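Hi,

Here is the structure I promised to pass on. Have a look at it first, and then read my notes below.

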Amino acid sequence: MKKQIVPTTEQLYSWIKQFIPEKDLFFVKSNHLLRLERHLTDVLVVPKDEFFKHPSYSQIEYINSYLYWTVSEDVEYVIVAQPNWIVNLPEVKRKELLSVQLQFTAGLTFIPAVFPSQETVVEHYSVSSDTLHEYVKSFAPSEDGQFVVLRHQMWKELSDEVKLKAIKMYAQLWGDWTVYDFPKETPPHIRKYGNSFTTISGSNCFAATLFAITGVEWILQEWVHPETLLTGLAKVGYVRTDDQNLENGDVITWVNDDNVVVHAAYHISHHLLFNKNGQVFFEPWGIVKFEDVQSLFPEDQFVLYRKRE
């Protein structure tokens, strides 16, 4: 039976604590640096290529919070700052910089309706832009063109009540949390975690799939890459099959035109999968229909792996 799940209060508070990293990031071009040149003494200005290779800023918390995969190719530099830097900028400079973020990335962007009108965050950090990032338009559509672009100190100053409301609304932008009851064939280790949320950033579809076929719990919380998935499948006796009919215990992968596995899930039975979309903690480990997952990858090849008898 279809149903909706919700995160626990404990999980929501854990998300609140982790949601915005302690160092602030701002994505800019060289002309934006010129407008800020008197205010750059206390920050790092990192060229884009160097930034994305930097081990400190390649941590999964930064990737997920700032949605690195949405960052525009037009970005030339990344400003790395302590939390009080942005709040102490002159208001005109602050709003200019926050407005620029709407052009270059969708990370940490909210619609003002998330916040009570009396909150200072709406007054001081609400901005608009004539050139919106495409992901902002689809991910956080705003009726009046206004957005609140948050950073660490701004988030810290909000009340717990407002943070709870904001994190719930933001989290639901990632999906409606619709799942299905466990089929009777569901293994006990999947029943333990299925249809629930994680509080650890990075857990993804490949980790969920390896957990499903091995029962090794710590793997479930890892950020696993495609080749590691394929190596793990081979280790426990899974081989590729040309059969297109799902059997219990099959692993389903979706492969793009570059022959890279972009998604994977575990088939329990009756076209119901143990699945994890994405790598953010707002997306649950869910029991979902094969057809619903398949619809997310219409351009990718469907490839099955089955355990040797």
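**Two helices side by side**

Helix 12 and helix 13 are roughly parallel to each other. Keep in mind that this is a predicted model. The call on the helices comes from their axes, which cross at roughly 10° and come within 10 Å; angles under 35 degrees count as roughly parallel. To find the pair, look at residues 205-214 for helix 12 and residues 226-235 for helix 13.

Which residues make the contact? From helix 12 there are Phe206, Thr209, Leu210 and Ile213, and they meet Pro226, Thr228, Leu229, Gly232 and Leu233 of helix 13. Sorted by type, the residues of this contact are six nonpolar and three polar, with no charged ones.

Strand 4 covers residues 77-81, and five bridges join it to strand 2.

**Salt bridges**

Side chains of opposite charge can pair when their charged atoms come close. How many salt bridges are there here? The count comes to seven, and these are some of them.

- Lys3 and Asp181 meet through their side chains at 3.2 Å, N to O. Lys3 sits in strand 1 and Asp181 in the loop between strand 8 and helix 11, so to speak distant parts of the chain, 178 residues apart. Lys3 is partly exposed at 35% relative accessible area, and Asp181 is partly exposed at 27%.
- Glu96 and Arg35 form a salt bridge at 2.6 Å, N to O. Glu96 lies in helix 6 and Arg35 in helix 2, so the pair ties together parts that are 61 residues apart in sequence. Glu96 is partly exposed, with a relative accessible area of 29%, and Arg35 is partly exposed too, with 45%.
- Glu247 pairs with Arg306, their closest N and O atoms being 3.5 Å apart. Glu247 is in the loop between strand 9 and strand 10, while Arg306 is in strand 14. Is each one buried or partly exposed? Glu247 is partly exposed at 40%, whereas Arg306 is buried at 16%. Salt bridges that share partners join Asp243, Glu247, Asp250 and Arg306 into one network.

Cheers

Terms used:
Residues numbered from 1 in each chain as written. Predicted model: local features only at pLDDT ≥ 70, side-chain atom pairs only at ≥ 80, totals over all residues. Heavy atoms only, no water. Pairing = 2+ DSSP bridges. Helix = DSSP H or I, 4+ residues; strand = E, 2+ residues; numbered from the N terminus. Axes fitted to C-alpha atoms, helices over the stretch in contact; angles between N-to-C directions. Parallel < 35°, antiparallel > 145°, perpendicular 65-115°, else oblique. Contact = heavy atoms within 4.5 Å. Nonpolar A, V, L, I, M, F, W, Y, C, P; charged D, E, K, R; others polar. Salt bridge = Lys/Arg side-chain N within 4 Å of Asp/Glu carboxyl O. Buried < 20%, exposed > 50% of the residue type's maximum accessible area, 1.4 Å probe, protein only.
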